[in-house]
Amino acid sequence: MPRQLYELAGADPARRFSPYCWRIRMALAHKGLEADVVPWRFTETDRLAFAGTDKVPVLVDDDRVVHDSTPIAEYLDEAYSNAPPLFHGDIAARHFTMAWTNAVLHPAIVRLIVSDIPAVLDAAARTYFIANREARFGMKLEQVTAGREERLPEFHALLAPLRHVLSGQDYLGGDEPDYADYAVFGGFQWARCTSPFRLLAPDDAVHAWRERMLDLFGGLAREVPAFE
């Protein structure tokens with residue numbers, strides 16, 4: 001059976017926007033591996049029962065089924081050790097990057113874009129998403145993103161660690177990208193695919209890095225339906 005990757009999609013099945021799924025799409029390309037993409041939506045949890053989860057990404061590789069982005073990336077490095085490794089550097093640095101991305105970057109991004117996401121979803125997913133996220137935030141989605149223009153400087157300041165690293169090298173992984181780049185990039189691709197709100201100024205080093213990421217693997221991430 002061909003390798004399959006279950007990914008979160010919008011009303012347009014080509015608009016795949018999960019930051020965690022993007023980590024794996026880039027990881028597969030890094031490894032030189034092909035996968036048939038299976039679009040999945042928020043209301044289709046029953047379709048993932050075979051994997052023992054209700055969230056994507058899910059990778060099906062012959063008789064192996066792996067879910068959650070980090071276990072999938074670790075599986076790819078183990079199963080395809082002859083291809084370029086995804087992980088470089090010490091484990092502590094890797095854990096810090098992942099923790100900062102999940103606990104700091106993603107929460108900051110969602111508060112700038114969440115009210116735009118329903119527009120790219122199909123009707124059933126839109127109803128679910130609005131109810132679920134408004135319960136999570138305790139307010140209307142429009143209230144979550146209110147005043148976002150005025151909050152942009154705070155977001156830009158939060159990117160200082162990225163800016164510092166990227167001032168001396170092209171990628172977080174050094175001269176070449178690695179899984180740290182794909183993990184952080186996933187958040188920016190999530191925003192790019194769901195919201196017209198511009199997060200980065202053109203003269204920002206993080207913007208230049210994101211452009212390099214968009215150009216990787218023949219423009220893999222640039223070619224999907226997106227804003228900007």
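**Aromatic contacts in the predicted model**

Phe17, Phe42, Tyr128 and Phe129 form a single aromatic cluster. The structure is a predicted model, in which local features need pLDDT of at least 70, side-chain atom pairs count only at pLDDT 80 or more, and totals for chains, interfaces and linings use all residues. Residues are numbered from 1 along each chain as its sequence is written, and side-chain values use heavy atoms, with hydrogens and water left out.

The structure contains eight aromatic pairs. Rings of Phe, Tyr and Trp (its six-membered ring) pair if their centres lie within 6.5 Å; planes under 30 degrees apart count as stacked, over 60 as edge-to-face and the rest as tilted. One of the pairs joins Tyr6 and Phe50, with ring centres 5.4 Å apart and planes at 50°, so this pair is tilted. Tyr6 belongs to strand E1 (residues 4-8) and Phe50 to the loop between strand E2 (36-40) and strand E3 (58-61), so the pair ties together parts 44 residues apart in sequence. Helices (H or I, at least four residues) and strands (E, at least two) are DSSP runs, numbered from the N terminus. Tyr6 is buried, at 11% relative accessible area, whereas Phe50 is partly exposed, at 43%. Buried means under 20% relative accessible area, exposed over 50%, and partly exposed in between (1.4 Å probe, protein chains only).

Tyr182 and Phe217 form another tilted pair, 6.3 Å centre to centre with 55° between the planes. Tyr182 lies in helix H8 (residues 179-194) and Phe217 in helix H9 (residues 205-219), 35 residues apart. Tyr182 is buried, at 0%, and Phe217 is partly exposed, at 33%.
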